[in-house]
Amino acid sequence: MDGLAVTARGLTKSYVRFPLRRVRVVRGLDLEVPAGGVHALLGPNGSGKTTTLRMLLGLVRAEAGSVRVLGHAIPRELPAVVGRIGAVVEQPRLFPAFSGRRNLELLALAADVPATRVDEVLDEVGLRDRDRDPVRRYSLGMRQRVAIAATLLKRPDLVVLDEPTNGLDPQGVHDVRVLVRRLADEGRTVLVSSHALGDVEQVADTASVLAEGRLVAQGSLEELLATHGRTRLRVRIAEPERAAGVLAQQGWSAVVEDGVVVMTDPPPGPDVSRVLAGVGLYVEELTASRPDLESAYLALTAGSGPTAAPVRDAAEVAL
Amino acid sequence: MSGVLRAELVRLRVRRFTWLVLVVVTIVSASVAVYAWSEARHPTAAEIAAAHEAYQEDVARWAAEGLARCEKTSRDAVAQGVPGLDCDRMGPTAESYVLDQPSFRDDGVPHLGQLAAPVVIGALLLGASLVTAEFGAGSMGLWLTFVAPRARVFRAKAAAAGVGGAAVGLLAGAVGAGGTAIAFAVLHRLHPGAASAVGATAGALGRLALLGALAGVVGAGLGFALRHVAVVMGVALWWVLSVELVAPLAWARAQPLTLGLNVRAWVDGRATYTVQEWVPDPTLAGALVRGDVDHVVGALQGGLVLALAAAVVTAVGLVVFCARDVT
């Protein structure tokens, strides 16, 4: 496997959208997920994360390119490897009329997993006390836990989770984060797509960043932060708008956010204080922040996402 | 039995829609028993009196004018070289006015053939919804991350749909046969041919169960191909209207290919259809005239056509399921 749990080369996928318009959502994507540890798949809405995960799982057929998961070509050799993969793509798709336990028992039966394993995974996700309630009465967080429990039934080598903290309360987010980290520490590979960059930063070892269906960066979190992360300086001052204008005149990046001037890749703090003092503006507080995943993500995906232009290219044609 | 099939059977058993279909089919099947009872019951005093009165009226009318008209017609026929009529035997007879003495075997069991339509509709819906519900809820993707290849998932779901359909057929037959038998027993008309009726009833139940199984599998195949139960029912309705009803009107020889005729042949043991053909003229040697000719479709032929149709739909469903994305 060359130390890689997942390898994708030149993955391409289009969908036909109303009215008969082909939209390419993944374009020549190369992806490498190291075996062991947590790998985050990041990108704005519409960047192709979920479609990519679906292609890795054989649910969606790639138009071009190749995928290898745990050393097996997908989808051709999926039957040989499906027992080693646990996955939840998008929202947990459970049978709403069945209890969480019944859902897990059915999946265990289908996957030839001993029924005793159901109790174990319910314990792992902390859902034993509500396991006999119908899933339709579960909160989104509880459904997410059942879905994660389902992925663990097979004791998988690769766990694929799509937005696992969506809709969870802070305690739920924390629990999922701990669970994901524990799975990786047990030697599994966890591939997780998420918008919660703070959570990802706390648990991920490596990450891939997608924008408009393409890979824009990939590597360890340290590498990504070193290469793409931005230092920020928050300047609390009496007249933030005027101060931002003064700083911008110096050629520095400065914007006002929530009444505070925020500078990206700023000069040394004393230089900022001196320039502002020169025009009669006196700094009340200067706070520097280290490069974080959010700044790296924003830098990498600038101009893409739902607020940007629709993801289209020459391949989008009227059918 | 594979784990995935067992899981599907459990899911089939606990689905509310399964029970809804079974309840509706039970009610419809019970109506057959009610109909059988109404036909098998002994005539009331009022009905006997009415029959007697009608007989007396017809005897009087025959004596007054019927006999004379018959004899005149007979004489005219003889004059033209055609055999005359036996008017002495053509008058009203009391036996004709006495209601039949129906037996369970000859008059009760054949009623079960009326259950073919509800069995087909119920099993088709059951099979289609078993599959389309998963596409609708998005749980097919979860399923496929547990079991591969897709053909295995398809087999399990189609088999479960077949089992469900067979259950619909068996239940319908059992309720219909049981209710009819009870009706005949209450009316003390079960005995004539009771022993052979057991075999006939078992045969009818088996044919209904097989019909339900095929319809369930077809429903599942259509569900895989079309993914929405409303679309499945729309296609089924289109088929009935355009192929089952209209096509035979445009081309009478297409009748043996219609599923409705073959269902009747399978359930009833035989079915007939009529085609206009050139046939020898009985009044003129060597000449041909257009006439209605009855053709018979046997149970075996009906069963084979239905099995072939189910195989085709199933194959289409499998190909579509294996080729299409699951989102």
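Lys154(A) sits over the face of Phe146(B), 4.5 Å from the ring centre; a charge counts as over a ring when NZ of Lys or CZ of Arg is within 6 Å of the ring centre and within 35 degrees of the ring normal. The charged end of Arg150(B) is likewise placed over a ring, that of Phe321(B), at 5.8 Å from its centre. The model is predicted, so local features need pLDDT of at least 70 and side-chain atom pairs pLDDT 80 or more, while totals for chains, interfaces and linings use all residues. Residues are numbered from 1 along each chain, chains are lettered from A in the order written, and side-chain values use heavy atoms, leaving out hydrogens and water.

Now for the rings themselves. Over all chains, the search turns up five aromatic pairs (ring centres of Phe, Tyr or the six-membered ring of Trp within 6.5 Å; planes under 30 degrees apart are stacked, over 60 edge-to-face, the rest tilted). Phe135(B) and Phe224(B) make an edge-to-face pair because their planes stand at 90°, with centres 6.2 Å apart. This pair bridges helix H5 (residues 116–137) and helix H8 (residues 194–226) of chain B, its members 89 residues apart; helices here are DSSP runs of H or I, at least four residues, numbered from the N terminus.

Phe135(B) also pairs edge-to-face with Phe321(B), at 6.2 Å between centres and 80° between planes. Ring pairs join Phe135(B), Phe154(B), Phe224(B) and Phe321(B) into a cluster.

Phe135(B) counts as buried because its relative accessibility is 14% (buried is under 20% relative accessible area, exposed over 50%, partly exposed in between, with a 1.4 Å probe and protein chains only). Phe321(B), at 0%, is buried too, and so is Phe224(B).

Key
Helix = DSSP H or I, 4+ residues; strand = E, 2+ residues; numbered from the N terminus.
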